[in-house]
Amino acid sequence: MTRVRQVAGAFSVALLLASQAFAGGFQLNEHGARAMAQGGAFAARATDGSALYFNPAGLGFQTTGSVYIGMTAITPAGSFLGPRQKNPSEKTTFISHTFTPINVAVTSPFMDDFHVGIGVNNPFGLGTEWPDNWVGKFLTTRVDLKTFFITPTVAYRVNDQLSVGAGLNYVIGSVLLERAVSVVSVALPEPPRVSMTLNATGVGFNVGLLYKPVEEIAVGVSYRSAVTIDAEGVASFRPNYAALSLPAGPVAASITLPSTGFVGVAYFPLKNLELEADLQYIGWSSYDELAVEFKANNTTSVSPKKYDNTFMIRIGGEYTLDMLHFRAGYLYDRSPVKTEYMEPLLPDANRNGYNLGFGYDVTDHFSIDVAYLFLKFDQREAVNTIPENSFDGTYSTYVDLIGVNFGYRF
Amino acid sequence: MKALKPTLVAVVVLAAAYYAGCVDAGPAALGPGLGNATVTKYVAIGNSLTAGYQSNGLYKSAQDYSFPNLIAGQLRLAGANLPTFEQPYYSDPGTPGADGKASRYEIISLAGPVIGPKGLAPGVPTNLALARPYDNLGIPGSVVFDLLDTTSFLAKAGPPRNNPLFSLVLRNPAFGNNMLSQAAALRPDLVTFWLGNNDVLGYATSGGASPATPTPPATFTALYGQALDALRAALPNAKIVVANIPDVTVIPFFTTLGPKIRPSLPAGVTLRYQKHGETGVATGIAPLTDNSVLICLTGSAYTTYLGRPSGKWYRDKGYPALPPGIDTTQPFGFHPQNPWPDALTLDADEVNTCATTIAAFNASIAAAAAARNAAVVDINGFLNGVKAGGYSWAGQKYTVDYVSGGLFSLDGVHPSSRGAGIIANQFIKTMNASFGMTLSYVDLMSLPGIPAPVAKAAGGLPVIPPEAFAELEMLWGAR
């Protein structure tokens with residue numbers, strides 16, 4: 001059973017990443033470059049297609065239909081010093097890749113007081129890759145994730161001050177995971193490597209309201225439900241030493257992604273200045289463990305996670321000068337991962353994000369938004385890591401993101 | 001247009017921020033080191049565990065992974081000037097047994113599995129010409145007394161020791177007439193010393209039959225104290241690291257067969273075995289549901305005769321006549337008149353004797369080490385922990401199970417190469433703590449596993465022919 005247990009542990013982060021929206025894991029804030037440039041503090045405004053993520057009620061205050069399309073280039077980089085179990089000063093650096101998720105939103109007014117929209121987020125190929133033969137190869141060598149969030153949404157403008165909205169989130173994801181399998185007993189020409197590909201689907205919903213008590217202030221509250229993801233796929237081993245009875249074949253896993261809530265307050269001191277601060281809560285404690293079932297030998301491998309509920313703070317603002325909008329923001333993202341549960345699969349830590357961006361209204365209808373986010377993870381020491389990992393050391397990570405969106409208002 | 005300048009500034013700032021973000025993440029690596037210590041010569045003193053003996057033989061591809069050789073490698077990585085660590089190499093497949101063939105066990109057949117020597121021609125010593133003592137002075141079969149014994153080591157190849165490995169390791173009396181004098185001649189500044197295991201293992205592995213008692217604790221205490229005194233006197237400034245003795249219950253030689261026999265006992269039938277000293281009708285009754293009675297691995301070939309009217313044990317041992325009361329028409333092992341033999345069993349008293357003896361030995365070792373400023377590696381505590389919960393390391397899990405656990409070699413007593421790695425890491429942990437070094441640890445999976453036709457890890461009852469244990473008996477035989 002030991003082998004099987006070791007094999008499946010790596011699967012965890014993928015499904016975690018399946019929801020772009022969540023803190024922890026490689027959650028990044030690329031839901032439209034306008035929001036991204038402002039620390040993602042947008043729930044009390046949600047004035048463009050990214051409302052589909054931040055607050056569906058935001059659609060209710062939009063007066064025209066729109067198309068909002070964009071892409072983000074994400075380049076994580078980082079290193080690990082350790083493990084202390086071997087050499088506390090040995091350094092291994094991620095293999096760096098640039099990932100390019102896209103976001104698309106199409107919205108339209110509907111009847112008098114309704115506004116509908118549908119969007120797709122496609123975070124293409126987020127992941128972590130370590131060198132094939134690094135000392136942690138039995139924990140992970142590669143994780144690669146693709147997801148789609150399809151979000152049909154409707155908002156209703158109750159009155160001049162209040163709008164409410166709701167949407168469905170249909171989640172499609174696929175993940176690739178690779179690592180080496182340790183066979184501690186007999187000598188093998190090379191350790192078998194497992195490669196697992198799983199596809200997952202799930203459904204959730206989100207609701208929100210946006211309230212403007214006076215012209216200068218807006219309050220936004222939104223909630224995204226937990227999403228239960230059912231994933232199925234295949235595990236293959238190479239070389240597949242027949243006599244080791246490695247459980248190649250179908251695999252299945254199910255996890256529940258946590259719910260999240262936003263509360264935001266926006267303040268408009270001047271006609272051309274917008275400021276907002278948001279608090280986001282993420283109920284990660286629902287992610288207690290990841291269980292992967294290997295149908296080939298009817299075993300289930302359980303990897304403990306024991307995530308904590310956590311929060312994010314987002315602050316941002318936008319200053320408009322003619323057709324230009326200058327944006328800046330800051331976010332603080334608290335990690336849900338307990339120190340003892342840290343693993344190279346997902347080198348998580350509290351993060352500080354520094355955002356800058358600008359928008360340019362090319363014409364009355366057409367705009368371009370550009371955003372830059374530098375996400376610096378706290379350097380974090382994994383100590384007394386759980387026996388399944390036994391991998392103490394220091395992680396240092398940062399991520400560079402640059403996002404571009406094109407918007408067209410009808 | 002007036003917005004152009006701010007636009008350009010914004011673009012430049014963003015671009016600069018993006019490229020400036022390419023900072024090197026993470027603190028600088030410092031590297032392993034020796035702290036304030038210098039190590040220019042490291043010598044290892046001990047028995048088969050120190051020599052790198054594995055799977056019932058001494059052979060180069062195991063000696064390469066002896067724990068002292070692994071420690072020497074980590075010392076080198078930390079900057080020690082140790083260009084070589086010389087060992088008494090014996091080419092593969094290794095040392096010969098009584099039949100003149102290589103005694104090393106291999107996995108012969110997956111069915112079972114069947115484990116034993118393959119009848120190969122033995123190897124030869126390949127490092128005899130070294131013009132000084134070896135750095136690794138581990139002699140399989142040595143006891144604490146041997147450290148100080150000044151009688152001819154060449155004579156130990158004959159009766160009563162019948163152990164030719166003293167000659168292999170010590171070679172020439174001109175180098176010194178025992179491990180202590182040869183070690184001292186090398187003037188090491190670091191010594192590892194691990195003796196005492198054989199003072200109890202001879203008793204234990206023979207099922208408490210021969211010798212009929214372990215070395216008495218009082219004798220052990222005196223001998224161990226004298227040995228460390230002599231070592232310290234010869235090398236007043238050397239760093240000395242000693243290790244203590246593991247419990248027999250962590251060694252798969254003792255713990256493998258019992259749990260495997262138990263499910264095959266017919267309902268309502270318990271094992272009937274001879275208690276300590278019984279030679280005829282047996283009084284021992286063992287349901288084998290716990291570790292109060294242990295079955296030695298030497299019994300593996302006899303498990304197939306359980307429940308059958310068999311006299312094979314008495315024929316194999318060359319009894320001229322059956323002992324009084326024995327009736328081999330009775331089902332072997334299930335009837336008090338044809339019992340499972342004393343020599344293949346550690347009954348509750350024998351297990352207790354081992355436990356109290358080892359506890360006493362370890363107390364002596366701790367006291368002696370403290371008095372002579374030597375560091376102690378608590379191998380006993382460490383292996384008890386591994387037995388209880390396994391040993392996890394960078395995503396790998398090792399246990400004390402026979403073969404599948406990764407730590408023990410095919411004789412069920414000596415560590416495998418990865419087991420030697422774990423032992424080396426425990427020594428390194430102690431050296432780092434006691435001497436202020438920052439040695440890095442050995443990457444366990446970079447060491448080789450047990451050679452096998454790539455196969456299932458042993459799951460069934462291992463079958464090892466009884467003759468295959470002759471070498472181990474020689475190592476621990478009566479003196």
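This is a predicted model: local features need pLDDT of at least 70, side-chain atom pairs count only at pLDDT 80 or more; totals for chains, interfaces and linings use all residues.

Helix α4 itself runs over residues 67-77 of chain B, and its buried residues are B:Phe67, B:Pro68, B:Leu70, B:Ile71, B:Ala72, B:Gln74 and B:Leu75. After α4(B) comes B:Gly79, which has a positive phi near 105°.

Helix α14 (residues 379-389) of chain B can be described in the same terms. Its buried residues are B:Ile379, B:Phe382, B:Leu383, B:Val386 and B:Lys387. Viewed down the axis of α14(B), these buried residues fall within an arc of 140°, so they line one face of the helix. B:Ala388 and B:Gly389 are exposed on the other side of α14(B). The elements that the buried residues of α14(B) pack against are β6 (239-243), β11 (375-377), β12 (391-393) and α15 (417-435) of chain B. Just after this helix, B:Gly390 has a positive phi of about 75°.

**Chain B as a whole**

Chain B contains 16 helices and 13 strands. Its C-alpha trace spans about 115 × 60 × 45 Å along the principal axes. Of the 479 residues in the chain, 51% are buried. Among chain B contacts between residues at least 6 apart in sequence, 75% join residues at least 24 apart.

The domain assignment divides chain B into domain 1 (42-254 + 350-476) and domain 2 (259-346). Taken over C-alpha atoms, the centres of domain 1 and domain 2 of chain B are 31 Å apart. Where they meet, 20 residues of domain 1 of chain B are in contact with 17 residues of domain 2 of chain B. On the domain 1 side, α8 (198-205), α10 (252-255) and α13 (348-371) of chain B each supply at least two residues. The most comes from α13(B), with three residues. By residue type, the domain 1 side that touches domain 2 of chain B has 13 nonpolar residues, six polar and one charged.

**The largest nonpolar core**

The largest nonpolar core has 215 residues. Those with the most contacts inside this core are B:Ile45, B:Leu137, B:Val191, B:Val242, B:Ala424 and B:Phe427. Domain 1 and domain 2 of chain B each contribute at least three residues to the core. Which residues does B:Val191 contact, leaving aside neighbours within four places in sequence? They are B:Val43, B:Ile45, B:Ala183, B:Leu231, B:Leu235, B:Ala238 and B:Ile240.

**A strand residue in chain A**

A:Val404 belongs to strand β22 (residues 393-409) of chain A. This residue counts as partly exposed because it has 16 C-beta neighbours inside 10 Å. Not counting residues up to four places away in sequence, A:Val404 touches A:Ala33, A:Gly70, A:Met71 and A:Val370. The C-alpha atoms of A:Val404 and A:Phe374 are separated by 15 Å, and these two residues are 30 apart along the chain.

**Backbone geometry**

Most residues other than glycine have a negative phi, and most peptide bonds are trans. The table lists departures from this pattern.

| Site | Feature | Location |
|---|---|---|
| B:Asp92 to B:Pro93 | cis peptide bond, omega near 0° | B:Pro93 in the loop between α4 and β2 (105-109) of chain B |
| B:Ser210 to B:Pro211 | cis peptide bond, omega near 10° | B:Pro211 in the loop between α8 and α9 (217-234) of chain B |
| A:Asp322 | positive phi of about 55° | loop between β17 (310-321) and β18 (324-333) of chain A |

A:Asp322 counts as exposed, with 12 C-beta neighbours inside 10 Å. A:Asn384 is also exposed, with 8 other C-beta atoms within 10 Å.

**Confidence**

The model scores ipTM 0.81 and pTM 0.87. Chain B has a mean pLDDT of 89, and 90% of its residues reach 70 or more. Within chain B, confidence is lowest in helix α1 (residues 4-20), at a mean of 55, and highest in β11(B), at 98. Chain A averages a pLDDT of 86, with 91% of the residues scoring at least 70. Over residues 1-24 of chain A, pLDDT stays under 50. For that stretch the model has 92 contacts beyond four places in sequence.

Terms used: Residues are numbered from 1 along each chain as its sequence is written. Chains are lettered from A and ligands numbered from 1 in the order in which they are written. A nonpolar core is a set of buried Ala, Val, Leu, Ile, Met, Phe, Trp, Tyr and Cys residues joined through C-beta atoms within 7 Å. A residue is buried if 20 or more other C-beta atoms lie within 10 Å of its own, exposed if 12 or fewer, and partly exposed in between; C-beta atoms are placed from the backbone. Domain bounds come from an automatic or database domain assignment. Two residues are in contact if their C-beta atoms, placed from the backbone, lie within 7 Å. Helices (H or I, at least four residues) and strands (E, at least two) are DSSP runs, numbered from the N terminus. Ala, Val, Leu, Ile, Met, Phe, Trp, Tyr, Cys and Pro count as nonpolar, Asp, Glu, Lys and Arg as charged, and the others, Gly among them, as polar. The arc is that of the directions from the helix axis to the C-beta atoms. pLDDT is the predictor's confidence in each residue, from 0 to 100.
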